[in-house]
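Colleague: I am new to this entry and would be grateful for a close look at one part, the surroundings of the ligand. Please take me through that site in a connected account.

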Amino acid sequence: MSKTAIITGSTSGIGLGLAHAFAAAGYNLVLNGLEANGPEIAAEVAAAHDIEAFFSPANMLDPAQIRQMAAEAEQRFGQVDVLINNAGIQHVAPIDEFPEQQWDRIIGVNLSSAFHTSKAVWPGMKKRGFGRIINIASVHGLRASEYKAAYIAAKHGIIGLTKVLALEGAPLGITCNAICPGYVRTPLVEGQIKDQAKAHGMSEAEVVEKVMLKKQAVKAFIDVELLAELAIFLASKEAKTLTGAALPVDGGWSAQ
Ligand code: NAD
């Protein structure tokens, strides 16, 4: 039987890249996200790689919708082998101007949703003695930058959650790891480039060079394909003793 993966936030950016890679590796998929054309995206991924996929519109801010997504996955595919907690949002502002609502939303989507998704798939993984949970954290789970209070708190938090699930999963055949990327050129980052260009009075090219990639030793955006290869490896049965790790894929940012 084919393996099944749930990838949250997979209608755009890194999540969509992961979806294509897991589909190419033969996984059946649950795609998820807020984009209105989610069902079409899921159908395209399925057709491109000859796998089965469906779209769940579950809002990662709503635990009941998350439970529904996990239940539907089990019902349609019989099992969930891999859960990738990827959905994420950003807001950039100094602490004294940081909107309370944005704090709550970012903690909700970037951190609490991973608790709810993991809790929902855990009994099935436990029963089958196999599970792989992969959290797309960030180099900002390991290092701080100014003006990103909520994002950095959430990403540090998800690395803590990763370690707890690794310990609890160890006797059950379940691993949990976090991938910590530097900058990847996705719609989330395109938005930041525009905002920063305005804030600093710079061109977008200057923002990329002088602001975004300043802390990376390798002055290049991280390729989604690299993140996907790593995630596929973490999901493999060979990776059974690789657990509880926060793996930087950050062009050397966290080496400093
Ligand atoms: P993106 O904006 O391209 O995609 C985000 C996805 O999350 C979309 O599919 C969106 O619909 C979904 N999403 C947002 N809010 C949601 C909600 N409430 N419920 C369900 N889905 C929701 O972003 P991306 O750059 O691909 O980021 C993906 C993940 O990678 C995020 O967790 C982000 O923090 C992390 N990350 C990104 C970078 C980067 O440079 N792009 C670097 C490090 C970590």
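Modeller: What follows is an account of the ligand and the residues around it.

The model is predicted, with local features requiring pLDDT of at least 70 and side-chain atom pairs pLDDT 80 or more, while totals for chains, interfaces and linings use all residues. Residues are numbered from 1 along each chain as its sequence is written, and side-chain values use heavy atoms, without hydrogens and water.

The ligand is surrounded by 31 residues (a heavy atom within 4 Å), and the closest are S12, E35, Y151, V184 and T186. By class, this shell holds 16 nonpolar, 13 polar and two charged residues, with Gly counted as polar.

T11 places a polar side-chain atom 2.8 Å from a ligand oxygen. On its own the ligand has 830 Å² of accessible area, of which the protein covers 94% (Shrake-Rupley method, 1.4 Å probe).

Two or more shell residues come from each of α1 (13-24), α5 (149-169) and α6 (187-200), helices being DSSP runs of at least four residues. The largest share, three residues, belongs to α6.

Because domain 1 (4-182 + 222-250) and domain 2 (183-221) both contribute to the shell, the ligand lies between them; these bounds come from an automatic or database assignment.

Technical notes. A polar contact is a pair of N or O atoms within 3.5 Å; within protein, one must be able to donate a hydrogen and the other to accept it, and residues adjacent in sequence count only if both atoms are side-chain atoms.
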